Amino acid sequence: MTKLISILIISLFLCFGSLAKTLDQKKIDLKKIYDEGGITSAEYNKAQEYLDNSGQEIKKKKSKQTLNLTKKKKSQIKLFKKEKDKDKEEITLEKIEELGQIINFDNIYFTDGMIKKFKGCNNSFKCKGQKAGQYMSITFNKSKEYGQRNPGQMIKAMAMFEVFYASKLWQARKSIERYKKNNLKKVSQKQKDEKEIRSLLGMNKGRKGMREALGMN
């Protein structure tokens, strides 16, 4: 009967009584029970063995959980990269041709009013493109009512958009040429060129959309 009670005490101690305790604390409590004569030497050794095995099982489970979590994170990163790559617009030679003719506009292309807006740029097409972008951005960001009251200003802003776009196209000419030839060995350079071309593709869509909104073909 005493032996049965001892077994029950050990079972309760191991399974329920100290769930919140650490493994070391459980061993200390078990030693106290043994020292007080609650269990025999054989029972004490058996319980010690059980605790040691439990500790190893817990370590294995934690290690497995960490490994599974790492695999899950890696798979999520791969999935995110695939989705991100999927969102990138495909670049084709046909789309590149749709970007238009690459021309370095000089002052013969501009009206006197536009030349005044480009004051200080001299022969820098990049500078003219930047000033054109500022002008068209300010005008297009005004209210819809302003556009309806001032259609002439919207046409001027659209003309500035064309200059801004032509300037960006000119600046990207080397990237476009390299991409057409497809002879890039450096991955970083190819990625940079692709980014620049995709930016132009998006800009060209916006340009066409503004033309249609203003009734231009």
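**From fold to helix packing**

Reading along the sequence, you will find that the protein chain follows the pattern α-α-α-α-α-α-α-α-α-α. That comes to 10 helices and zero strands, where helices (H or I, at least four residues) and strands (E, at least two) are DSSP runs numbered from the N terminus. Please keep in mind that this is a predicted model, in which local features need pLDDT of at least 70 and side-chain atom pairs count only at pLDDT 80 or more, while totals for chains, interfaces and linings use all residues. Residues are numbered from 1 along each chain as its sequence is written, and side-chain values use heavy atoms, with hydrogens and water left out.

Of the 217 residues in the protein chain, 26% are buried, meaning under 20% relative accessible area with a 1.4 Å probe, protein chains only. Taking contacts (heavy atoms within 4.5 Å) between residues at least 6 apart in sequence, 60% join residues at least 24 apart.

Now look inside. Leaving aside residues up to four places away in sequence, Val163 touches Phe110, Met114, Phe118, Phe125, Lys128, Gly129 and Ala132.

How do the helices pack? The axes of H8 and H10 come within 11 Å and cross at roughly 165°; axes are lines fitted to C-alpha atoms, for helices over the stretch in contact, and angles run from 0 to 180 degrees between N-to-C directions. H8 is therefore roughly antiparallel to H10, the term for angles over 145 degrees. Among the residues making this contact are Phe161, Tyr165 and Leu169 of H8 and Leu200, Met203 and Arg207 of H10.

H9 and H10 pack with their axes 9 Å apart, at an angle of about 115°. These two helices are therefore roughly perpendicular to each other, a label covering 65 to 115 degrees. Here Ser175, Ile176, Arg178 and Tyr179 in H9 meet Gln189, Asp193, Glu194, Glu196, Ile197 and Leu200 in H10.

Note on methods: Parallel < 35°, antiparallel > 145°, perpendicular 65-115°, else oblique. Buried < 20%, exposed > 50% of the residue type's maximum accessible area, 1.4 Å probe, protein only.
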